[in-house]
Amino acid sequence: MNEITDDVLVSIRDLRIRFDVRDGIVNAVDGANFTIRRGKTLGVIGESGCGKSMTAKAIMNMVPKPGIMTGEVTLYKRHVENGSQIVEEIRLDQLDKDGEEIRKIRGGTITMIFQEPMSSLTPVFSAGFHIMEAVKLHRFLPIESIGETMTRNIQKKRQVSLEEAREIAIDMLQKVGLPNAAQRVDSYPHQLSGGQRQRVMIAIALSTHPDLLIADEPTTALDVSIEAQILDLMRELQETVDMAILFITHNMGVIAEMADEMVVMYMGKEVEEGSVIDIFENPKHPYTRLLLASIPEIGEKKRELATIKGMTPSPFDLPTGCVFHPRCPDFMPGKCDVVKPLLATVAKNQNARCLMYDPCWPDTAEAQAIKAKA
Amino acid sequence: MADNGNVKDENILLEVKGLKKYFPITGGMMRKVVGYVKAVDDVNFFVREGETLGLVGESGCGKTTAGRAVMRLYEPTDGEVRFKSRALSKSGKPEWVSLRELNKEQLKTVYQDISMIFQDPIGSLNPRMTVYDIITEPLLIHNKVGPNTEEHVIQLLQRVGLRPEHIRRYPHEFSGGQRQRIGIARSLALNPQLIICDEPVSALDVSVQAQTLNLLNDLKEDFNLAYIFVAHDLSVVQHISDRVAVMYVGRIAEMAESIELYSQPLHPYTEALMSSVPRPNPRAKKQRIIMEGDVADPGNPPPGCLFHPRCRYVQEKCKIEVPELREIKPDHYAACHFAGELDLKGVAM
């Protein structure tokens, strides 16, 4: 999944995020490579501490201090100019964290919704105010088209006015299915239920017509019936506005419903990536396989759930070789604990990071010698 | 259900009848009571020996309150809780007691038979106590500490999958899953008959959740335990429970054997709830029944059937009359006027 084609929106290459803290160095993300495609949903799944939320922050260039980020995060932004489409390449990782440019992208081109809808809304402002704030900063209306008189079709744009912003806010609240939007626009967060707050969050995120929506566990804090409403809403809206979604979750069911492609992460590394159908039906990495077998599924009676033995290692003291080897049922002594596997294509459109597959062996003399030994 | 006071079923361990827990809403300058939140309203259920009863529902449905009111951690407003206690009987044979009529001293004795596992594995363990102190605390309270205590604690630790050398460590030295195991070991210390598990796996990661569920299942068989398993996750409840009670706004909507309830639900709420669960199968057809609106407010419930504003089979009768929990099929109870008449879809088993 490395070629840059027309439908690539964000490409992440060799992303590493390191935290230098008192107890040592934590590699929160350790060489992530993936691509988010226009209008598609990419799911990122993993257990707590695997670096999935940190990856999302890296896309927004919001890695908190003292985190150090290396690698490439490129946004391919489409413009219409001179009547033709041009694609602008923006290296998000090289932008100034507090600069004008990234602030236009955050909340404008790329928006985000969070897990906890209560703490992501300011309690002293109304729902409408939150949306209007985003709209006023990021949405511009054309005032006149000079294109008729000249050869070049230039549109002058201006900021939306307060009244227009309010209209947009009401319209957005209607779109996300809040009843009585015209009155609810003045409600404060504490007057709304959890599901309604999450709807407001989605309204804020979508009000600026983003190209990419990053959803970090958006339904984890919600009840099943509300979760179903929100997931359906996100899917419907995605169809109408053509945006990509990066969906971060730990819930296999949610990812199966929402995503087209998925990435499985473990201890800051991608262990498997591919289409959702391929991975669910034919998981290649032992971790993915166990993860899928360890969830109780509604409508299926399993006598015993598969378990992954042990627990996730301490980030200060990662195992040598493959980080998953101490918990792996297919552990090969002398190989897995020595050689670090590469992420490589192991089946059509499916990449994994496991020494069971030949392409994952690194091309060094040392590794090849170990491989030849067995 | 035994409705005449005499228990029909020999194996019944706990029987709850008409359990109510109302929390007062105060308002005004004098803090006058202006209303009640009916957190648990007329709940009936029973638990057999060695059986897991799942209590499932959305947040605010009263499942946790029901679990706690059974133990009298919340003093129930009304209702009867009968329990077959070993600890309180003098003859050595289990004896029926009514938990609400016991005095403090007697209740303490009964607590040897009933224990609890909590949701938050961090908050439910005292950070200043070692694992040994935590697990022996129930023994200390009941004057059961003796020369063999340490051995007993080590046995418990090994049984829940921890190592003997963990005995002198403090909770912060453990991961979330291990802390939950300490909580489980503590609940087993007095050899109880019934454990009330309040969302024991919802704070855990998937892989650790599976370990904990398997452990609870093994322990149940080894010690012939009965569980009241309170949870919001329908797939977890289905996996662990023999019977399941679905709660909605303080009332039981439906109660039946796990497989029966999931494959042939009789209450529209159960049907809709099960169809809402995202299923880990990307090819599964998405036939969700979307429930409009939010869960009813237990402080200001709608008239008639509490579910009627969200029900897609709603009729005039539902808006006026409150449906009783009735036995529609043997051992399958539902609180719906039209239970058995509607053609509801379950999930395939």
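## Packing of α3 and α5 in chain B

The crossing of α3(B) and α5(B) is right-handed in this predicted model. Helix α3 of chain B spans residues 131–141 and helix α5 of chain B spans residues 176–188; their axes lie 7 Å apart and form an angle of about 30°. The two helices, α3(B) and α5(B), are therefore roughly parallel to each other, since angles under 35 degrees fall in that class.

On the α3(B) side, the contact is made by Val131(B), Ile134(B), Ile135(B) and Pro138(B), and on the α5(B) side by Ile182(B), Ala185(B) and Arg186(B). The contact of α3(B) with α5(B) comprises 6 nonpolar residues, 1 charged residue and no polar residues.

## Contact between the chains

Chain B contributes 39 residues to the contact and chain A contributes 38 residues. On the side of chain B that touches chain A, two or more residues come from each of α6 (206–223), α7 (234–240), α8 (258–263) and α9 (268–276) of chain B. Of these, α6(B) gives the most, with 7 residues. By class, this side of chain B consists of 20 nonpolar, 12 polar and 7 charged residues.

A pair of helices from the two chains illustrates the packing. Helix α7 of chain A (residues 224–241) and α9(B) cross at roughly 50°, and their axes come within 8 Å. That angle makes α7(A) oblique to α9(B). The crossing of α7(A) and α9(B) is left-handed. Val224(A), Ser225(A), Glu227(A) and Ala228(A) of α7(A) meet Ala272(B), Leu273(B) and Ser276(B) of α9(B). The contact of α7(A) with α9(B) has 4 nonpolar, 2 polar and 1 charged residues.

## Nonpolar core

The largest nonpolar core holds 192 residues, and the members that touch the most others are Leu212(A), Leu246(A), Ile255(A) and Phe229(B). Leaving aside residues up to four places away in sequence, Ile255(A) touches Gly43(A), Ile45(A), Phe247(A), Thr249(A), Met262(A) and Val276(A).

Helix α1 of chain A (residues 52–59) is mostly covered, with 7 of its 8 residues buried. The buried residues of α1(A) are Lys52(A), Ser53(A), Met54(A), Thr55(A), Ala56(A), Ala58(A) and Ile59(A).

Just after α1(A) comes Asn61(A), with a positive phi of about 55°, a positive value in a residue other than glycine. Asn61(A) belongs to the loop between α1 and β4 of chain A. Because Asn61(A) has 22 C-beta neighbours inside 10 Å, Asn61(A) counts as buried. Pro66(A) is found in the loop between α1 and β4 (67–81) of chain A, and a cis peptide bond with omega of about 0° joins Lys65(A) to Pro66(A).

## Individual residues of chain B

Asp42(B) is located in strand β2 of chain B (residues 32–48). Its phi is near 60°, a positive value in a residue other than glycine. Asp42(B) counts as partly exposed because 18 C-beta neighbours lie inside 10 Å.

Arg283(B) lies in the loop between α9 and α10 (316–320) of chain B. With 10 C-beta neighbours inside 10 Å, Arg283(B) counts as exposed. Along the chain, Arg283(B) and Leu125(B) are 158 residues apart, and their C-alpha atoms are separated by 43 Å.

Notes:
Residues are numbered from 1 along each chain as its sequence is written. Chains are lettered from A and ligands numbered from 1 in the order in which they are written. This is a predicted model: local features need pLDDT of at least 70, side-chain atom pairs count only at pLDDT 80 or more; totals for chains, interfaces and linings use all residues. Axes are lines fitted to C-alpha atoms, for helices over the stretch in contact, and angles run from 0 to 180 degrees between N-to-C directions. Helices (H or I, at least four residues) and strands (E, at least two) are DSSP runs, numbered from the N terminus. Angles under 35 degrees count as roughly parallel, over 145 as roughly antiparallel, 65 to 115 as roughly perpendicular and the rest as oblique. A crossing is left-handed if the near helix is turned anticlockwise from the far one by less than a right angle, and right-handed if clockwise. Two residues are in contact if their C-beta atoms, placed from the backbone, lie within 7 Å. Ala, Val, Leu, Ile, Met, Phe, Trp, Tyr, Cys and Pro count as nonpolar, Asp, Glu, Lys and Arg as charged, and the others, Gly among them, as polar. A nonpolar core is a set of buried Ala, Val, Leu, Ile, Met, Phe, Trp, Tyr and Cys residues joined through C-beta atoms within 7 Å. A residue is buried if 20 or more other C-beta atoms lie within 10 Å of its own, exposed if 12 or fewer, and partly exposed in between; C-beta atoms are placed from the backbone.
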